[in-house]
Amino acid sequence: MVGIRAAMHDDMEALERIVGTLFPKSNFTFGANELYFLATQRKSIIGFSHLRILGHGQRGVVAGLGVLPPYRKRGIGTLLLQAALAYFEEIGCMEIVLKVKPENLATEIYAKHGFAVRKAGPQSLLLCKAENS
Ligand SMILES: CC(C)(COP(=O)(O)OP(=O)(O)OC[C@H]1O[C@@H](n2cnc3c(N)ncnc32)[C@H](O)[C@@H]1OP(=O)(O)O)[C@@H](O)C(=O)NCCC(=O)NCCS
C-alpha cells in the first residue's frame, strides 16, 4: 500500500537519493521555507513532491514532483500533488506556481488541477493556479 506523508529529518539521505535519481541536474535543497511530501511503499520512498513557500506564505511553488518509473501511472503523482495543494491551501497561499518543460506530459496532471499557463517560453512554461481555481 502507498502512503503519503511529510518528510522528516531522518528521510534526508533517502530523499536526496531519489531527487538525484529523478532530477540529476537539480541541486537538492531542504531549506527553512521548503517541505517535501513523500510517497512510500513498505518504508521505501517511491516518489515526492517538493514545496517552497515564498513571500510570507502568500505564494507556493511546486518545485518538484517525481515518481520512480515502476510506480508511475497509478495515481501516485496525483496524490503527491494533491498533498502539496492541500498544504498550500491550509497555510493560506493566494497563488501557486511551477515551471515545466512544454513537452512534459506532466502538464496534463497540472491542467487537471486548475493550473493555467501564465508565461510560455521555448524552454519552459510558467503555470499558475490562483486560490479557489
Ligand atoms: C509526472 C509524474 C510525477 C506523474 O506521476 P504518476 O504517478 O505517473 O502520475 P499519475 O498516475 O497520478 O497520473 C496523473 C496524470 O498525469 C498525466 N500523465 C502522467 N504520466 C503520463 C504519461 N506517461 N503519459 C500521459 N499522461 C501522463 C495523466 O494526465 C495522468 O492522469 P490519468 O491517469 O487520469 O491519465 C511522473 O511521470 C514523473 O515522475 N515524471 C518524471 C519527472 C517529471 O517530469 N516531473 C514533473 C516535472 S515538473
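In which sense do β6 and β7 pair, and over how many bridges? The two strands pair in the antiparallel sense over four bridges, two strands counting as paired if DSSP finds at least two bridges between them. Helices (H or I, at least four residues) and strands (E, at least two) are DSSP runs, numbered from the N terminus. The model is predicted: local features need pLDDT of at least 70, side-chain atom pairs count only at pLDDT 80 or more, and totals for chains, interfaces and linings use all residues. Residues are numbered from 1 along each chain as its sequence is written.

β6 is joined to β7 by a hairpin of four residues, and A120 stands opposite L125 in β7. V100 also stands opposite L125, and six bridges join β5 to β7, which run antiparallel. β4 and β5 (residues 95–100), in contrast, pair in the parallel sense over three bridges, with V97 of β5 as the bridge partner of V61.

These strands belong to an open sheet of seven strands with mixed pairing, in the order β1-β2-β3-β4-β5-β7-β6. β1 (2–6) and β6 (116–120) stand at the edges with a single partner strand each, so one side of each is left without a neighbour in the sheet. From one strand to the next the twist averages 25 degrees.

Helix α1 (residues 12–22) lies across β2 (34–41), β3 (44–54) and β4, running at about 90 degrees to β3. α2 packs on the sheet, touching β1, β2, β3, β4 and β5, and its direction makes about 30 degrees with that of β3. Axes are lines fitted to C-alpha atoms, for helices over the stretch in contact, and angles run from 0 to 180 degrees between N-to-C directions. Contact requires C-beta atoms, placed from the backbone, within 7 Å.

In α2, L80, L81, A83, A84, L85 and F88 are buried (20 or more other C-beta atoms within 10 Å of the residue's own, all placed from the backbone). The buried residues of α2 pack against β1, β2, β3, β4, β5 and α3. G92, which follows α2, has a positive phi near 85 degrees.

The ligand is surrounded by 17 residues, the closest being R72, G77, T78, E108 and I109; a residue counts if its C-beta atom, placed from the backbone, lies within 6 Å. The elements giving two or more residues to this shell are β4 (59–67), α2 (76–90) and α3 (106–112).

Definitions and conventions. Contact = placed C-beta atoms within 7 Å. Buried ≥ 20, exposed ≤ 12 C-beta atoms within 10 Å, placed from the backbone.
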